[in-house]
Amino acid sequence: MVTVAYATVPQDMDPSNQFFQDTAVILGLTHRALTQYVLRDGKAVLVPDLATDLGTASADGLTWTFTLKDGIKYEDGAPVTAADVVFAAKRSFDPDLAVNGPTYQRDFFKGGAAYKGPYQGDKNWKGVEAPDDKTIVIHLGKKFSTLPYFMSFSQFAPLPEAKDTKVDYELHPISTGPYMFDKYTPGTELYLKRNPNWDPQTDPGRNNYPDGYHFKWGIDDVKSQQSILASTGDDATTLNWDTIDSSLVPQIEGAKKDQFVEGLSSCNAVINLDATKIKDINVRRAIAKAWPFDSLHKAAGDTSHAFTPASTMIPPQVTGHLDYTVDGMNGRGDGDPAAAKKMLADAGYGPNKPYELIYYYTNDDATQQKVNQVRKQKLQAAGFKVTDIGVPGKERRGIIGKPNGKYNMLQGPRGWCFDWPSGDAIIPPTIGSVALSSGGTSYGNFTDQKIDSEIQRIQQLSIQEQGPQWGKMDQWLTKNYLLAIPDNYAKGNTVFGTKLKNVQNNPNTGLTELRSIWVAP
């Protein structure tokens, strides 16, 4: 059995309610959707899963049709039908059962903005239909060229309506993958065992090499990683996918280097600036000029295994990524306080009229207190007045996620993890009117008709045409708006026991590709 031990605690295991990387990876062992990703030469490639192909779009791009493969069964041996996929898709609109799930379906599916799912919604809603047992038809209100990527989400894992136990469904969601739920204690651990009715002949991306998986949550990272590197007993078949602790770097760069894998992640971090409050872009540019990247990473205990400095918002593994640098911003260095002071003076600010920066920081974590001390000192040295508001960590996330907060910078989101490797899963969810429509925060908390129009224009293009256009828009946004300062691209880290083989990093998640692991005798 393979044990996966890490610090985060999943909120639940309901496939409709998932929008987090770790739970997506776990459910990728138990639940199949219409499409999936496979690793080929280290790259994640989209392929059919339950469907026979990646779907067929109508001439106007507003109707997509998928056909199920033959012989797909649930863990209890019952056949999977198109109606089950349709029910799962409809369930993803439920405001209670899918409150934390993605919202692309609400934005793109025809009538999706008003639909509330199969229990609370319009009984006649036809956004997703099953004309027969093998065919799924999706009707869109506007073009969604990357819909096949979205079809890989657990929200489209089939679920028979008769088997839906609503809020209790997370306790044992019915499996179509190589593994099924065995024992589950919410918030603590999950055991998976082999699914006897999974057919590998229909599944191009999964294996069932280990006899099971054991997920342990809320553990101490450092102790876990130390034990795994020692690899005695069960630790030899355990892995941890949290960032490597700096105290263990000498081991994974030395004698234990064969027990460590790192690679690209879907996530990138930014310094978020509220452009509705810091209205002068020259002030925002002065913040970028003063930003002490190196000192902040040092204060946080970050290592080169955790991140790569960034100059863009679209990570390098995404199709269409444009490798650009604006005004020298490349995520490196310790800032230039003298140049920042001059930029502020040119914008009308100085010792007698300092520009005030206001933000929240976590005051119940020693590391974050140290980081804030460095940040405040460096920004003050560049001529800014700094008002730092300390709040407990459990409160900060909620506070910085409200657009009307007292801050004028460092609001949420701190960064973004793309949902699929395309610019339309990065820019529209973080910038513009749609990003703010849910009532939360965005990059810049800013809307502009030019930005919205450019997003809409690119979304009408084919997948092949979109890539370079998103890259150009990335550069245009940084140069002309600077709503967020690119900071770093996160790296995925895995520490694993000596008996685990074929351990790979998945660049779409920055987590371990569990479906390819096998255990040595």
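These questions and answers go through a predicted model, from overall fold to single residues.

Me: What kind of model is this, and which pLDDT must side-chain atom pairs reach to count?
Reply: Residues are numbered from 1 along each chain as its sequence is written, and side-chain values use heavy atoms, with hydrogens and water left out. The model is predicted: totals for chains, interfaces and linings use all residues, local features need pLDDT of at least 70, and side-chain atom pairs count only at pLDDT 80 or more.

Me: How many helices and strands does the chain have?
Reply: Helices (H or I, at least four residues) and strands (E, at least two) are DSSP runs, numbered from the N terminus. On that basis the chain has 16 helices and 21 strands.

Me: What radius of gyration does the chain have, against the value for a compact globule?
Reply: The radius is taken over C-alpha atoms, and the globule rule is 2.2 Å times the number of residues to the power 0.38. The C-alpha trace spans about 75 × 60 × 40 Å along its principal axes. For 521 residues the rule gives a value near 24 Å, and the chain agrees, with 24 Å.

Me: What percentage of the residues of the chain count as buried?
Reply: Buried means under 20% relative accessible area, exposed over 50%, and partly exposed in between (1.4 Å probe, protein chains only). The chain exposes about 21,700 Å², with carbon and sulfur atoms supplying 49% of it; these areas come from the Shrake-Rupley method with a 1.4 Å probe, and for residues only the protein chains shown count as cover. Of the 521 residues, the buried part is 54%.

Me: What percentage of contacts between residues at least 6 apart join residues at least 24 apart?
Reply: A contact means heavy atoms within 4.5 Å. Counting pairs at least 6 apart in sequence, the part joining residues at least 24 apart is 72%.

Me: How far apart do the centres of the positive and negative side chains lie?
Reply: Lys and Arg count as positive, Asp and Glu as negative; His and the chain ends are not counted. Each charge is placed at NZ of Lys, CZ of Arg, CG of Asp or CD of Glu. There are 54 positive and 59 negative side chains, and their centres are separated by 5 Å.

Me: How many salt bridges are found in the whole structure?
Reply: A salt bridge is a side-chain nitrogen of Lys or Arg within 4 Å of a carboxyl oxygen of Asp or Glu. One network of them links Arg 32, Asp 49, Asp 203 and Arg 206. The search finds 18.

Me: Which helix holds both Asp 346 and Lys 342?
Reply: The two side chains form a salt bridge at 3.1 Å, N to O. Both residues are exposed. They sit 4 residues apart, about one turn, in helix α10 (residues 337–346).

Me: Which parts does the pair Lys 376 and Asp 388 tie together?
Reply: The closest N and O atoms of this salt bridge are 3.0 Å apart. The partners are 12 residues apart in sequence, so the pair ties together helix α11 (residues 366–381) and strand β15 (residues 384–391).

Me: Lys 90 has no salt bridge; which side chain of opposite charge is nearest?
Reply: Lys 90 lies in helix α2 (residues 82–91). Beyond four places in sequence, it contacts Tyr 115, Gly 117, Pro 118, Trp 125 and Val 128. Lys 90 is buried, and 7.6 Å away is the nearest side chain of opposite charge, Glu 129.

Me: Where is the cis peptide bond that ends at Pro 413?
Reply: Pro 413 sits in the loop between α12 (393–400) and β16 (415–417). With omega near -5 degrees, the cis bond runs from Gly 412 to Pro 413.

Me: What is the phi of Asp 41?
Reply: Asp 41 is in the loop between β2 (35–40) and β3 (43–48). At 82% relative accessibility it counts as exposed. Although Asp 41 is not a glycine, its phi is positive, about 55 degrees.

Me: Which residues does Gly 390 touch, leaving aside those up to four places away in sequence?
Reply: Gly 390 lies in strand β15. It is partly exposed, with a relative accessible area of 31%. Its contacts are Tyr 361 and Asn 363.
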